[in-house]
Amino acid sequence: MMPQRVRLQLEAAAQHPTSIIGCRVRREPPKSTERYTRWINQLTPDQLLTQVFTSHGPTVIMPTWFCSRAWFFHVGPFDEGGQGVPEDLLFFYDHLRKGGGVVRVDQSLLLYRYLPDAATHSVLETTIWTHRVRFLEERVLPRWAAFTIWNAGRQGRRLYRSLTAEARRKVVAFCDVDENKIRKGFYCHEDSQERPKPRVPVLHFRAARPPFVICVKLVQGTGCSRPPWGPRSPCPSRAGPCGWVTAFTHSRVHPSSTGPGHFRPGNKDLTGGAFEDNLRSLHLREGQDFLHFS
């Protein structure tokens, strides 16, 4: 970490005592996980709260966290259940449930290392997916009477099937740009016990109505590595008796893990920016008219 990190994050934490304070990062090697690094460093203050449902995990990454010890114990210590528990993601969700904020110091205060040979415990992608879906259902869907899933492909259909029956009934359509999916006209939930089986319309994105839950996959890597929210680090509650908690460890990745959000150098942008152009063309408000779940 950079020598000014503690001073600058302490100043921010004094102004935001119920927030987790993060910072921008610098990558080593410099061009590893470029899209993910841009996401870490360029989220707007509003997006630090609206993009908490994505596969990237916490919108300020755990190695950058800084908060008061009083707030840390108010939220509760990390879940020390051991291997397979995404303790930092769960802590982050509990932090938000208790009204915590998210603030980023907009200076690069951490060297975030990519270590392809490092070993770490595994967190199953299915475990993370379940937590993300439940958090979406808890925090967003109760205030939406109906919504559209943006992506009639695998990820969008998976989200639909993962929802509770009550939440599935709020899905009025899928939307896409794939002419074959649009031409078919509907998605049939074959595993449903309902009779007749639910059929959800598939529309062109310009014909669909917001709000949208966006499930578009944007990056394909040469191989997946560890999700960025999953490093096992020393629990901050074991630190010294000062009044502040900070993460002093670097994040680690594992070359054989299957997490969804963090990719090796050489990743490929799957849409070439076309998806972002389509979304901007609709002039929607993030957090009200759409949320990212991809």
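A residue counts as buried when its relative accessible area is under 20%. In this predicted model, Gly100 has a relative accessible area of 10% and is therefore buried. Gly100 is placed in the loop between H5 and S3. Leaving aside neighbours within four places in sequence, the contacts of Gly100 are Thr18, Trp71 and His95. Gly100 and Ile20 are 80 residues apart in sequence, yet their C-alpha atoms are 7.4 Å apart in space. Gly99, which follows H5, has a positive phi, near 85°.

## Overall make-up

The chain contains 10 helices and 12 strands. Of its 294 residues, 53% are buried. Among contacts between residues at least 6 apart in sequence, 81% join residues at least 24 apart.

## Helix H5

Helix H5 spans residues 87-97 and is mostly covered, with nine of its 11 residues buried. The buried residues are Glu87, Asp88, Leu89, Leu90, Phe91, Phe92, Tyr93, His95 and Leu96. His95 is also one of the residues in contact with Gly100.

The cover over the buried residues of H5 includes strands S1 (19-28) and S3, together with helices H3, H4 (69-75) and H6 (125-139). Phe91 and Phe92 also belong to one aromatic cluster, whose other members are Trp65, Phe72, Phe73 and Phe78.

## Strand pairing

Seven of the 10 residues of S1 are buried, so S1 is largely enclosed by the rest of the structure. S1 and S3 run parallel and are joined by 10 bridges. Within this pairing, Cys23 has Val105 in S3 as its bridge partner.

Strand S5 (residues 171-176) is likewise largely enclosed by the rest of the structure, because five of its six residues are buried. S5 pairs with strand S4 (residues 147-150) in the parallel sense over four bridges, and Ile149 stands opposite Phe174 in S5. S5 also pairs with strand S7 (residues 199-204), again in the parallel sense, over three bridges. Here Asp176 stands opposite His204 in S7.

## Nonpolar cores

The largest nonpolar core has 62 residues, and Leu136, Leu159 and Phe293 have the most contacts inside it. Strand S3 (residues 101-113) supplies the largest share of this core, six residues. A second, separate core has 11 residues, among them Trp150, Cys175, Phe212 and Phe275.

Which residues does Phe293 contact, leaving aside its neighbours within four places in sequence? They are Phe53, Thr54, Ser55, Trp129, Arg132, Val133, Leu136, Leu159, Val213, Ile214 and Cys215.

## Aromatic pairs and charges over rings

A search of the whole structure gives 18 aromatic pairs. One of them joins Tyr160 and Tyr187 edge-to-face, at 5.9 Å centre to centre and with 85° between the planes. Tyr160 lies in helix H7 (residues 154-162) and Tyr187 in strand S6 (residues 186-188), so the pair ties together parts that are 27 residues apart in sequence. Tyr160 counts as buried because its relative accessibility is 3%. Tyr187 also counts as buried, with a relative accessibility of 13%.

Charged side chains are placed over rings as well. The charged end of Arg158 sits over the ring of Trp129, 3.9 Å from the ring centre. The charged end of Lys184 sits over the ring of Phe186, 5.5 Å from the ring centre.

## Gln51

Gln51 lies in the loop between helix H3 (47-50) and strand S2 (66-68). Is this residue buried or exposed? Its relative accessibility is 7%, so Gln51 counts as buried.

The side chain of Gln51 makes a polar contact with the side chain of Trp39 at 2.7 Å. Not counting residues up to four places away in sequence, Gln51 touches Trp39, Leu43, Gly57, Thr59, Glu286 and His292.

Key
Residues numbered from 1 in each chain as written. Predicted model: local features only at pLDDT ≥ 70, side-chain atom pairs only at ≥ 80, totals over all residues. Heavy atoms only, no water. Phe/Tyr/Trp six-rings, centres within 6.5 Å; stacked < 30°, edge-to-face > 60°. Helix = DSSP H or I, 4+ residues; strand = E, 2+ residues; numbered from the N terminus. Buried < 20%, exposed > 50% of the residue type's maximum accessible area, 1.4 Å probe, protein only. Lys NZ or Arg CZ within 6 Å of the ring centre and 35° of its normal. Polar contact = N/O pair within 3.5 Å; in protein donor to acceptor, adjacent residues only side chain to side chain. Contact = heavy atoms within 4.5 Å. Core = buried A, V, L, I, M, F, W, Y, C linked by side-chain atoms within 4.5 Å. Pairing = 2+ DSSP bridges.
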